[in-house]
Amino acid sequence: MIKVSNLTKKYGSNLAVDNISFEIEKGKIYGFLGPNGAGKSTTMNIITGCLAQSEGTVMIDGHDVFDEPTAAKKLIGYLPEIPPLYTDMSPKEYLTFVAEAKGIKSSEIGPEVERVMERTAITGVSSRLIRNLSKGYRQRVGIAMALLGDPEIIILDEPTVGLDPRQIIEIRELIKTLGEDHTVILSSHILSEIQEVCEQVIIISHGRVVANDTIENICLMGNQHPVLHIIAKCTPDAALAIVDEYEEVTHYAITECPDGTELELTLMPGSDITDQLFFAFAGAGIAIRYLSNRVSLEEIYLKLTETTFDGGEEDEPVITADESSDIETEEEYTPMFTGAEEKEDEDDSDL
Amino acid sequence: MTAIYKRELRSYFGGMIAYIVIALMLAFVGFVSAIFNFFGGIPFFEYVFAEGYVVMAMIIAISLLTMRSFADEKKERTDQLLYSLPLDMKSIVMGKYLAMLTVYLIPMLIMCLYPLVLSLFGNINFLQTYSSILAQVLLGACLISIGMFLSSLTETQVIAAVMTIGTFLAVYFMPTIAATFFPETAKASFICFIFLIGVVALIVYALTKNLYAAFGTALVLEVVNLVIYLVNKDIYAGAFPDMLDKISLFNRFGEFVNGSFDLTAIIYYLSVIGVFVFLTIQSLEKKRYS
């Protein structure tokens with residue numbers, strides 16, 4: 001559906017997107033992930049024809065965005081990071097204008113505008129000026145705009161930023177239903193959102209694609225070295241005494257926390273001692289407050305984009321056996337994630 | 001294009017701008033016409049357009065009209081919508097240009113009634129009057145294209161307006177300044193052309209970011225300049241003020257008021273419109289590359 005080959009974008013001497021290639025298949029929901037300034041918005045802007053690339057090509061269903069912009073743009077509905085709304089219009093007027101500009105037949109414009117307004121639940125505010133609408137409603141008007149004309153590809157750049165929790169859930173549901181008959185690309189900083197909504201994830205770091213796979217496969221990458229998180233109500237020494245019994249533990253990090261002791265264990269490939277450990281702690285009369293062997297997208301993301309935080313190793317980070325030694329440093333960057341999430345409404349690019 | 005055109009018109013009439021522009025033009029033309037034609041008893045409505053007050057009102061009105069055309073799109077980030085819609089840049093620019101032209105045409109059409117009213121009181125040369133109104137429309141169309149281009153260069157309406165008013169005033173006073181300050185000698189013209197070529201080279205550099213192109217253009221033009229000066233000094237006598245006089249948009253208009261239908265002026269106006277519409281398209285295309 002979308003084929004991006006050797007795409008490069010330079011701003012002066014600054015390399016925003018560095019020779020990336022990927023393909024997007026029809027009828028799937030793709031998550032586009034990456035730290036601030038990784039090149040997500042730039043890539044999306046190039047795909048939608050808002051920005052010209054320095055090198056490389058983008059083909060939309062066989063149409064080159066650069067050579068046949070009109071044909072390519074007809075297939076895409078795009079919501080940029082900041083919804084491009086004319087605030088002196090009402091949602092209905094605005095959507096009618098966009099429908100006309102998209103070349104929808106004049107007899108179909110009315111019903112089409114009604115359809116997208118119903119789908120995004122903005123019918124109630126359709127005649128108020130956009131200027132007077134709250135951020136959540138504006139965001140929805142933007143999404144409605146992207147849906148106009150029922151384009152095959154829908155690209156949403158951080159669509160849930162600034163919405164209240166209920167609206168976020170509604171928009172997620174909307175995106176899920178859109179994914180049934182559209183190709184959707186969704187960029188977000190909220191990893192749980194990507195994990196919940198998307199089937200396939202593309203992670204970009206430093207202007208490069210560092211992962212492009214299904215969520216299951218990406219999480220499996222981490223499972224080569226299973227990690228166990230435990231919070232137990234005891235002293236670190238007591239916990240260590242139990243953990244030491246197991247040969248499968250190749251590495252561990254122990255910290256004291258308000259609930260007792262927090263352990264992060266790296267296991268030998270293919271081993272699982274979750275249950276054994278649970279009973280071992282229980283047998284020693286220690287209450288376990290938290291126990292998890294699930295590798296979340298969060299951790300994979302942090303590993304893959306790690307170099308960005310450190311300020312730049314050039315090699316693509318790949319999870320290998322050597323990296324188990326990095327586990328101890330994980331405490332250093334875990335808090336950075338929370339920081340990153342809080343900063344999610346900050347622009348990663350002002351294009 | 002029609003979608004953009006309709007949206008722009010709705011936006012102009014939804015806010016104050018269109019009404020201010022129409023009122024400004026009508027008020028000043030009506031005021032001066034009352035003094036000239038009615039109290040003064042002069043049966044030439046076209047003289048009104050050549051009057052300084054009316055020119056100033058027009059300069060301000062058109063600056064107000066064009067200032068937000070593209071500057072505002074960038075500020076509100078709605079340019080991203082225009083770029084991502086299946087429209088080519090030409091139809092976006094033309095849609096906006098025609099919408100501004102429409103707003104400007106409204107007071108001009110109303111003014112077409114004035115000669116008819118005047119004809120009740122005396123003899124009017126309708127041909128001369130209406131050809132002057134046509135020239136005035138074309139002059140306004142030129143100014144709108146220039147204002148639109150300047151608006152596409154900046155992100156702030158106010159800066160766009162200031163740049164536009166400054167440019168229009170410079171164009172308006174250019175022939176006067178040239179006639180007053182530049183001696184009519186060949187040497188003076190030669191020196192002025194040297195500087196003018198420097199400015200051209202700077203513009204070439206700004207557009208292409210290519211030093212060789214800029215230097216090349218400058219070198220070729222300076223050599224031509226020098227050769228003409230050495231071979232035939234007589235052409236250069238008074239050439240620079242003459243040139244400024246010829247390219248002045250406002251002076252060309254004077255020909256119509258004086259009763260001659262100047263076809264070259266009409267072609268000149270249409271070319272200026274074409275050039276600035278083209279430059280606006282280029283300026284927006286360039287944004288996608290930066």
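## The sheet 2-1-4-5 of chain A

Chain A holds an open sheet of four strands, ordered 2-1-4-5, with antiparallel pairing. The edges are strand 2 (14-24) and strand 5 (63-64) of chain A. Each has a single partner strand, so one side of each lacks a neighbour in the sheet. The model described here is predicted.

Strand 1 (residues 2-11) and strand 2 of chain A run antiparallel and are joined by seven bridges. Within this pair, K9(A) stands opposite V17(A) of strand 2. Helix 1 (residues 40-47) of chain A packs on the sheet. This helix touches strand 1, strand 2 and strand 4 (55-60) of chain A. Its direction makes about 120° with that of strand 1 of chain A.

How many of the five residues of strand 7 (residues 153-157) of chain A are buried? Five of the five are, so the strand is largely enclosed by the rest of the structure. In a regular strand, side chains alternate between the two faces of the sheet. In strand 7 of chain A, I153(A), I155(A) and D157(A) point one way. I154(A) and L156(A) point the other way. Residues on both sides are buried.

Strand 7 of chain A pairs with two strands named here. With strand 6 (residues 76-79) of chain A, the pairing is parallel and runs over four bridges. Here Y78(A) has I155(A) of strand 7 as its bridge partner. With strand 8 (residues 183-187) of chain A, the pairing is again parallel, over five bridges. D157(A) is bridged to S187(A) in strand 8 of chain A. Both I155(A) and D157(A) are among the buried residues of strand 7.

Strand 7, helix 6 (residues 165-181) and strand 8 of chain A make a β-α-β unit, and the unit is right-handed.

## The sheet 12-13-11-14 of chain A

Another open sheet of chain A has four strands in the order 12-13-11-14, with antiparallel pairing. Strand 12 (249-257) and strand 14 (288-292) of chain A stand at the edges. Each has a single partner strand, so one side of each is without a neighbour in the sheet. From one strand to the next, the twist averages 15°.

Helix 9 (residues 236-243) of chain A packs on this sheet. The helix touches strand 11 (227-232), strand 12 and strand 13 of chain A. Its direction makes about 165° with that of strand 12 of chain A.

## Strand 13 of chain A

Is strand 13 of chain A mostly covered or mostly uncovered? Strand 13 is mostly covered, with seven of its eight residues buried. Strand 12 and strand 13 (residues 260-267) of chain A pair in the antiparallel sense over eight bridges. The two form a hairpin, with two residues between them. Along this pairing, H251(A) has T266(A) as its bridge partner. A253(A) stands opposite E264(A) in strand 13 of chain A.

Strand 11 of chain A also pairs with strand 13 of chain A, antiparallel and over six bridges. A232(A) stands opposite T261(A) of strand 13.

## Q195 of chain A

Q195(A) sits in helix 7 (residues 191-197) of chain A.

Leaving out residues up to four places away in sequence, Q195(A) touches I215(A) and L297(A). Q195(A) and A52(A) are 143 residues apart in sequence. In space they are 31 Å apart, C-alpha to C-alpha.

## Chain B and the contact with chain A

The contact takes 18 residues from chain B and 20 residues from chain A. On the side of chain B that touches chain A, helix 1 (2-14) and helix 6 (79-84) of chain B each supply at least two residues. Helix 1 of chain B gives the largest share, five residues. By class, this side of chain B has eight nonpolar, six polar and four charged residues.

The domain assignment of chain B gives two entries: domain 1 (2-178 + 248-287) and domain 2 (183-237). The centres of domain 1 and domain 2 of chain B, taken over C-alpha atoms, are separated by 32 Å.

Methods: Residues are numbered from 1 along each chain as its sequence is written. Chains are lettered from A and ligands numbered from 1 in the order in which they are written. This is a predicted model: local features need pLDDT of at least 70, side-chain atom pairs count only at pLDDT 80 or more; totals for chains, interfaces and linings use all residues. Domain bounds come from an automatic or database domain assignment. Two residues are in contact if their C-beta atoms, placed from the backbone, lie within 7 Å. Ala, Val, Leu, Ile, Met, Phe, Trp, Tyr, Cys and Pro count as nonpolar, Asp, Glu, Lys and Arg as charged, and the others, Gly among them, as polar. A residue is buried if 20 or more other C-beta atoms lie within 10 Å of its own, exposed if 12 or fewer, and partly exposed in between; C-beta atoms are placed from the backbone. Two strands pair if DSSP finds at least two bridges between them. A crossover is right-handed if, with the strands pointing away from the viewer, the path from the first strand over the helix to the second runs clockwise. Axes are lines fitted to C-alpha atoms, for helices over the stretch in contact, and angles run from 0 to 180 degrees between N-to-C directions.
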